[in-house]
Amino acid sequence: MSDNTKLTDVIMPQLAESLVSATIGKWLKQPGDTIEQYEPICELITDKVNAELPATVDGTLVELLAEEGQTVSVGEIIARIAVAGAAPAAATPAAAAAGPANAAAPAAPGAAPQPAHASVRPSVPAAPYDADAPMRSRYSPAVQTLAAEHGINLAAVPGTGLGGRITRKDVLAFLESGAAAAQPAATAPTVAAPAPQQPVFQPIQEEVRGELQHLRHSGLHLSESPKIPTIEVEGGRGSSSEYLIDVTPIRNTIATRMRQSVSEIPHAWTMIEVDVTNLVVLRNKLKDEFKRKEGINLTYLAFLMKAVVSAIKDYPIMNSVWAVDKIIVKRDINISLAVGTEDSVMTPVIKKADQKNVAGLAREIDELALKTREGKLRLEDMQGGTFTVNNTGSFGSILSYPIINYPQAAILTFESIVKKPVVINDMIAVRSMANICLSLDHRILDGVISGRFLQRVKDNVEGYTPDTKLY
């Protein structure tokens, strides 16, 4: 390391006043990578939101002090960046010769010991790797396919994943280093494999996506067919009859919050059927013009949310939380919107939804859904929700029992729109029908108030006409 290079510690920040720790979800940079100021270096996961941690300086990442999946307290050092110098390299002969002499020289009295930062762990160490690391022997299909294609002995590949696990990136780095060419031919696997970098599950995914695109006929906030999770499954150790899937930090957080909800909140649920024929006609009438004017899709969810917000105004107890000896009723109506990603469900919040018209709600729904799927949600986007609206109908569901978004009092889901024969004035007519399901905290809400609230939502939804205005 040159004399003008110094090391800067990367500290775990306090993302919110109530948070004392965060989990390293994924390192976006590795030792040896050049980093620009404000460039994200890792993903952080809390019980509220995922966030990217940006670099505060320009430099080179030289050391990672926390692993993916590790929970780190606020203020702890998680990495080090070399600033104002080239990436750290191996010690030069001159430096090596000077080392013993410097080591023998006594330190000045009272002087603090200086850290030996000249020797920095490289991103791909040359030393042998610990074969007993807990994840060393668990290879994903993508890793096995790539290794078989290039004749690589995975026992010689360094693993940078959690617990020494070998990732696909490790195999590619091993190939680029030229170490694979030095392997004896006898160690190369002879298993046939598909083309390089082609996941074995891709054809199945494309087939399923095609079916979804063909069958999907309704939905609220989704403007495209739901994505199929690209999960790498790992062969069970010593058995071909089962698979192991690592629990990601965000999945662990979801599990904790769901367990807290069902264990602390006495759930009850009820359902009502709604005639949305007029709503379908109204949306079909306005959606093309709205798309040209606003540049986004006009979904059913904006109309539903407007109906829900209006009903909450009439029954404000729905907008409350349990506080042991009190029930706290929130003045602002902040609607949490359940949005599914490939591997989780997030609930970004539309603040003061009662002050927005249908068009305003549509814009916020589109913006939050897009930010969620691109992983760009901020902490403030997830805070302050008072009532949750979900859309299970986008997946074709017609009846569901949602778990309450703790610590709120209720969650409402809108199911799939289905054409059904309905009796009207003793005559049979074909109408567009949908179910609306409500899960409620029975400490706060009872059947009477919940039933009246659902009836008001039904009246509001069925009250839309072809003359309803968006603005």
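## Close-up views of a predicted model

**View 1. Glu-364 and its salt-bridge partner.** Glu-364 is partly exposed, at 22% relative accessible area. This model is predicted. Glu-364 pairs with Lys-356 in a salt bridge, and their closest N and O atoms lie 3.5 Å apart. Lys-356 is also partly exposed, with a relative accessible area of 21%.

View 2. Across the whole structure, 15 salt bridges are found. One of them joins the side chains of Arg-80 and Asp-9, at 3.0 Å from N to O. Arg-80 sits in strand β8 (residues 77–83) and Asp-9 in strand β1, so this pair links distant parts of the chain, 71 residues apart. Arg-80 counts as buried because its relative accessibility is 18%, under the 20% limit. Asp-9, at 34%, counts as partly exposed.

**View 3. A salt bridge between two loops.** The side chains of Glu-39 and Lys-29 meet at 2.8 Å, N to O, in a salt bridge. Glu-39 belongs to the loop between β3 and β4 (40–45), and Lys-29 to the loop between β2 (21–27) and β3. The pair therefore ties together parts that are 10 residues apart in sequence. Glu-39 is partly exposed, at 23% relative accessibility. Lys-29 is buried, at 16%.

**View 4. A salt-bridge network.** Here four residues are linked by salt bridges: Lys-371, Arg-378, Glu-380 and Asp-381. Side chains of opposite charge can pair when their charged atoms come close.

**View 5. An open four-stranded sheet.** The strands follow the order β1-β8-β6-β3, with antiparallel pairing. β1 (6–11) and β3 (34–35) are the edge strands. Each has a single partner strand, so one side of each lacks a neighbour in the sheet. β3 is joined to strand β6 (residues 59–64) by two bridges, and these strands run antiparallel. Within β6, Gly-59 stands opposite Ile-35.

**View 6. The largest nonpolar core.** This core holds 61 residues, and Phe-387 and Phe-453 touch the most other members. Helix α7 (residues 300–314) gives the largest share, 11 residues. A second, separate core has 19 residues, among them Ala-55, Leu-61, Ala-79 and Val-83. Which residues surround Phe-387, leaving aside neighbours within four places in sequence? Its contacts include Val-308, Ile-312, Met-318, Ile-335, Ala-410, Leu-412, Leu-438 and Phe-453. In soluble globular proteins, nonpolar side chains tend to be buried together.

View 7. Thr-386 lies in the loop between α8 (358–373) and β18 (387–390). Is Thr-386 buried or exposed? With a relative accessibility of 5%, Thr-386 counts as buried. Its side chain makes a polar contact with the side chain of Asn-319, at 2.5 Å. Not counting residues up to four places away in sequence, Thr-386 touches Asn-319, Met-318, Lys-330, Asp-332, Ile-333, Asn-334, Ser-336 and Gln-408.

View 8. Cys-42 counts as buried, at 0% relative accessibility. Cys-437 counts as buried, also at 0%. How many disulfides does the structure hold? The number is zero.

Technical notes:
Residues are numbered from 1 along each chain as its sequence is written. This is a predicted model: local features need pLDDT of at least 70, side-chain atom pairs count only at pLDDT 80 or more; totals for chains, interfaces and linings use all residues. Side-chain values use heavy atoms; hydrogens and water are left out. Buried means under 20% relative accessible area, exposed over 50%, partly exposed in between (1.4 Å probe, protein chains only). A polar contact is a pair of N or O atoms within 3.5 Å; within protein, one must be able to donate a hydrogen and the other to accept it, and residues adjacent in sequence count only if both atoms are side-chain atoms. Contact means heavy atoms within 4.5 Å. A nonpolar core is a set of buried Ala, Val, Leu, Ile, Met, Phe, Trp, Tyr and Cys residues joined through side-chain atoms within 4.5 Å. Two strands pair if DSSP finds at least two bridges between them. A disulfide is a pair of cysteine sulfur atoms within 2.5 Å.
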